[in-house]
Every structure is written in structure tokens, then in C-alpha cells.
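My notes are below the display.

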Amino acid sequence: MPTYPFLTDLVRALPATVPFVGPEALQRMRGRPFRARLGANESVFGPSPKSIAAMEAAAASAFMYGDPENFELRAAIAKHHGVSIENVAVGEGIDGLLGLAVKVAVAPGEVVVTSDGAYPTFNYHVAVGGGRLVKVPFRDDKEDLGAVLDAGRAENAKILYVSNPNNPMGSWWSASEIEGMISALPPTVLFCLDEAYCDTAPPAAVPDIDISNPRVLRFRTFSKAYGLAGARVGYALGEAGLISIFDKIRNHYGMSRSGQIGALAALADQDYLAETVGRIAAGRDRLAQIARENGLAPLPSATNFVTMDCGRDGTYATRVLDEIIARDVFVRMPGVAPLNRCIRVTVGTPDDLDVFAEVLPEALRAAQG
């Protein structure tokens with residue numbers, strides 16, 4: 001076996017794991033496709049027809065690199081939020097931007113505070129950078145803002161990470177509670193607020209944009225309600241000096257030309273976004289009804305998924321999950337106790353939800369048996 005003597009000690013110590021096993025890998029292992037894809041929190045309603053048309057028209061120019069400054073898209077995002085273009089960084093989804101934030105703020109051995117069970121890709125970036133993760137438990141199925149702050153102070157953390165609304169539970173804090181946390185931040189910390197699901201949240205959950213605080217980065221995406229998960233377009237909002245630091249470390253040609261063009265057209269079609277958000281809300285109601293009809297407890301959700309409490313422990317919920325997947329429906333579940341008493345189901349089309357309604361009682365009977 002090769003020894004790879006050139007590897008760093010950090011890379012040698014990393015586990016041979018990835019944050020997620022994708023539905024494509026599961027299909028290859030199973031040897032057949034899924035009937036319904038309800039586990040990746042994509043928007044099955046797709047992007048705006050105007051966005052699709054723009055990307056189709058851009059196909060002939062695929063020989064060209066995308067604008068390395070992402071100028072037109074950044075300008076449009078800035079106008080949309082009432083800020084300056086210097087307050088906007090664009091990257092390969094929120095995932096890519098979180099990785100850059102870790103590079104900006106965290107040296108090997110320094111502490112990052114997150115919640116146990118929160119977005120695993122963020123944890124992956126911290127591990128790859130050599131940071132030390134400190135995790136605090138959820139409280140009442142919500143990220144515990146006070147505990148995150150307390151751990152940040154106790155550990156002299158460089159980054160505090162919170163998602164609002166939250167994945168995987170769908171819960172959320174009000175804008176005033178998030179603003180209260182920001183006002184209490186330790187002076188040397190960077191607060192990373194992941195707002196991937198803000199477009200499907202109630203307005204009262206989303207703080208006003210404030211780009212004056214150099215210790216706050218807010219991350220948003222075109223992957224969820226805008227329906228462009230495959231295009232990989234996210235953005236960060238922050239104080240201009242902080243945003244400019246991203247230019248020191250980002251992949252300047254990381255954004256595809258078609259993705260830039262598709263996101264620009266999607267942002268301009270706010271009517272379609274509003275229509276999609278309405279369809280997502282209706283789908284959440286249908287999923288909650290299906291859960292209750294089968295003896296599960298749907299948790300309140302401000303996202304494009306519904307987390308369902310199976311009423312027992314993680315072992316039982318895993319059996320339920322496995323039986324659903326065995327019936328060709330892709331869903332996921334939280335990874336740590338006590339969150340893992342639940343399964344998590346993305347809003348699908350009416351046909352998708354019909355399939356889930358058919359499969360769920362069969363899966364529950366098999367799991368109980």
C-alpha cells in the first residue's frame with residue numbers, strides 16, 4: 001500500500017467521510033431510481049421559467065468563463081437588499097462561502113461553536129481547516145442561542161454558527177432574538193448566520209439587513225426557494241471591509257457563467273418566487289396532515305421541509321427511514337439524539353406527496369413489526 005509521505009498530519013488525521021451520501025449514490029447502491037426525491041431540501045418546483053430560458057440562451061456561450069467579479073449578480077443582489085455591491089460576496093452555494101469564512105477566521109486548533117446536530121457541511125469545513133469544534137445541544141428542538149454565546153465566551157471561539165430557520169428541525173427564532181444575540185457577541189468573534197431558508201420563513205423571523213457590524217456574515221442561497229440547487233449560487237452579506245477579504249482566498253473562477261446568468265434572472269422574477277413559496281407552504285400543510293394521519297407529530301416548520309417526530313428513539317426512527325427508502329422514497333433524518341427520534345421530509349409536488357402518503361403507513365407497519 002502506498003504511504004503518501006507528502007500528506008500533512010492534518011490530512012492524515014481526517015476521517016474518510018463526506019457530510020452527505022447523495023440520493024444518486026443510494027440509487028446506484030440500490031440498483032433502481034427513487035419514485036420521490038424528498039430528502040435533499042431542493043425545490044422540486046424548479047427555477048423560474050425566465051431563469052431556465054436565460055440559462056438555455058447562455059449555453060452557447062459556455063466556452064467563456066464566468067465573470068470572476070460576479071459584477072452583475074452582485075449588483076443585482078445589492079439593489080435587492082438596499083446595500084452596496086461592496087457588501088456582497090458570491091460563491092459556490094452557502095457551502096463554499098462557509099468554507100471561505102472558516103479560512104478567514106480560524107487557524108488550526110482554534111475553536112468554532114455550533115450546535116450538535118446542525119449542518120454537517122459546516123463542521124466538515126472546520127475539520128478540514130484544523131479548527132476545533134465545540135457543540136452545544138439543541139433545546140426544545142431549537143438551536144440554543146444562549147448556550148452558543150456562553151460556549152463562545154468560555155472557549156474564546158473565533159466563529160459562532162447559527163442557522164435561522166434551522167436545518168434539520170425546521171424551527172426558527174424571531175428577528176428580535178437573533179438581533180439580541182448579535183448585540184451580545186464577544187468582541188473577537190465572527191458570527192455566521194446561515195439564512196438558507198429565509199425565503200420560506202415568516203417575515204418576523206428575518207432581521208433587517210445591517211451591514212455595519214464587521215463581526216456578522218449572513219449567508220443566503222439560490223438553492224432552496226429559487227430552485228437553483230444544481231447551479232450552486234450563494235451569497236454573503238456583510239460589512240464592506242470584511243467582504244473584501246473574501247477576494248484574498250476565493251476561487252475567482254469558481255462560478256459558472258450559466259449559474260450567474262440563471263441566478264440573475266431568478267432574482268428578477270420575484271412573482272415566481274412568491275408563487276413557489278406559496279406552493280411550499282401548501283406542501284408543508286399536506287406533509288403535516290400525512291404525519292398526523294399516521295400517528296407522527298409534525299414539528300412547526302419555516303423551511304421547505306417538515307420534520308416528523310416518530311415518538312420513540314433514534315433506533316426506531318432509523319428503521320422507519322430505512323423502510324421508507326426501501327419503498328423507493330428518498331428522505332433523511334437528523335443525525336444525533338434527541339433529534340434523531342425524527343425523520344425529515346422535503347416538500348414535493350402533489351404527486352410526490354401522494355407517493356409518500358402511500359408509502360409511510362407501510363413503512364411504519366414494517367418498522368413496528
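The entries that follow go from the sheet to the helices and then to the loop.

**Ground rules.** I am working on a predicted model, in which local features need pLDDT of at least 70 and side-chain atom pairs count only at pLDDT 80 or more, while totals for chains, interfaces and linings use all residues. Residues are numbered from 1 along each chain as its sequence is written, and side-chain values use heavy atoms, with hydrogens and water left out.

**Sheet.** I took helices (H or I, at least four residues) and strands (E, at least two) as DSSP runs, numbered from the N terminus. I found an open sheet of three strands in the order β9-β10-β12, with antiparallel pairing. Two strands are taken to pair if DSSP finds at least two bridges between them. The edge strands, pairing on one side only, are β9 (297–298) and β12 (342–346).

I then went through the pairings. β9 pairs with β10 (residues 305–309) over two antiparallel bridges, and a hairpin of six residues joins β9 to β10. Ala297 has Asp309 in β10 as its bridge partner. On the other pairing, β10 and β12 share five bridges, also in the antiparallel sense. There Thr307 stands opposite Arg344 in β12.

Is β10 mostly covered or uncovered? I counted as buried anything under 20% relative accessible area, as exposed anything over 50%, and as partly exposed what lies in between (1.4 Å probe, protein chains only). β10 is mostly covered, with five of its five residues buried. Phe305, Thr307 and Asp309 point one way from β10, Val306 and Met308 point the other way, and all are buried.

**α11 and its neighbours.** I noted that α11 lies across β9, β10 and β12 and runs at about 15° to β10. Axes here are lines fitted to C-alpha atoms, for helices over the stretch in contact, and angles run from 0 to 180 degrees between N-to-C directions. The axes of α11 (residues 270–293) and α13 (residues 350–368) come within 10 Å and cross at roughly 10°. α11 and α13 are therefore roughly parallel to each other (angles under 35 degrees; over 145 is roughly antiparallel, 65 to 115 roughly perpendicular and the rest oblique).

For contacts I used heavy atoms within 4.5 Å. Gly283, Arg286, Leu287 and Ile290 in α11 meet Pro350, Leu353, Asp354, Phe356, Ala357 and Leu360 in α13. By class, this contact has seven nonpolar, one polar and two charged residues (Ala, Val, Leu, Ile, Met, Phe, Trp, Tyr, Cys and Pro count as nonpolar, Asp, Glu, Lys and Arg as charged, and the others, Gly among them, as polar).

**α4 and α10.** Helix α4 (residues 71–81) packs on helix α10 (residues 257–268) at about 20°, with the axes 9 Å apart. The pair is therefore roughly parallel. From α4, Glu72, Leu73, Ala76, Ile77 and His80 meet Gln260, Ala263, Leu264 and Leu267 of α10. I sorted the residues of this contact into six nonpolar, two polar and one charged.

**Loop residue.** Ala231 sits in the loop between β7 (216–221) and β8 (234–237). Why does Ala231 count as buried? Ala231 does so because its relative accessibility is 18%. I also checked Ala231 against Met29: they are 202 residues apart along the chain, and their C-alpha atoms are separated by 25 Å.
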